[in-house]
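Morning, everyone. Let's take a quick look at one chain.

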Amino acid sequence: MIVCSCNVLSDQQVKACMSPGAGGPRTPAQVYRCLGCAPRCGRCATTIRKIMNASFAEASADAVEGCTETCGAVCLHQAKVA
Ligand code: FES
């Protein structure tokens, strides 16, 4: 699905440029840059932010799922997901 009509960017392209860790984009502007373009009208920024947030949530859930820490009832890793 096209999420940015000005730059003809799809949701899949946005998801593809998301990578966990410090090197990945953290703002919509960084996503545009990652995809070799720049925002024009800005109408898509909210949608791009939602895709980013979903990607971050998915990465956090995956990290907790594979968590090997034994924190018990006060697990800080679980709190990051909630
Ligand atoms: S729709 Fe993305 S900059 Fe216009």
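I'll start with the whole chain, then go to two residues. Keep in mind that this is a predicted model.

First, the layout. The chain has 4 helices and 2 strands. Starting at the N terminus, the order is β-β-α-α-α-α. There are 82 residues, and 24% of them count as buried. The accessible surface is about 5500 Å². Carbon and sulfur atoms hold 56% of that surface. Now contacts. Take those with a separation of 6 or more: 38% of them join residues 24 or more positions apart.

Next, Asn-7. Where is it? Asn-7 sits in the loop between β1, residues 2–4, and β2, residues 9–10. Is Asn-7 buried or exposed? Its relative accessibility is 16%, so Asn-7 counts as buried; the cut-off is under 20%. What does its side chain reach? The backbone oxygen of Ala-38, at 3.0 Å. Asn-7 also touches Tyr-32, Cys-37, Pro-39 and Arg-40, along with Ala-38 itself. That list leaves out residues up to four places away in sequence.

Last, Asp-11. Asp-11 belongs to helix α1, which covers residues 11–17. Asp-11 is buried, yet it has no salt bridge. Which side chain of opposite charge is nearest? Lys-15, at 4.1 Å. Setting aside neighbours within four places in sequence, Asp-11 is in contact with Met-1, Val-3 and Ile-51.

That's the tour. Over to you.

Conventions
Residues are numbered from 1 along each chain as its sequence is written. This is a predicted model: local features need pLDDT of at least 70, side-chain atom pairs count only at pLDDT 80 or more; totals for chains, interfaces and linings use all residues. Side-chain values use heavy atoms; hydrogens and water are left out. Buried means under 20% relative accessible area, exposed over 50%, partly exposed in between (1.4 Å probe, protein chains only). A polar contact is a pair of N or O atoms within 3.5 Å; within protein, one must be able to donate a hydrogen and the other to accept it, and residues adjacent in sequence count only if both atoms are side-chain atoms. Contact means heavy atoms within 4.5 Å. Lys and Arg count as positive and Asp and Glu as negative; His and the chain ends are not counted. A salt bridge is a side-chain nitrogen of Lys or Arg within 4 Å of a carboxyl oxygen of Asp or Glu. Accessible areas come from the Shrake-Rupley method with a 1.4 Å probe; for residues, only the protein chains shown count as cover.
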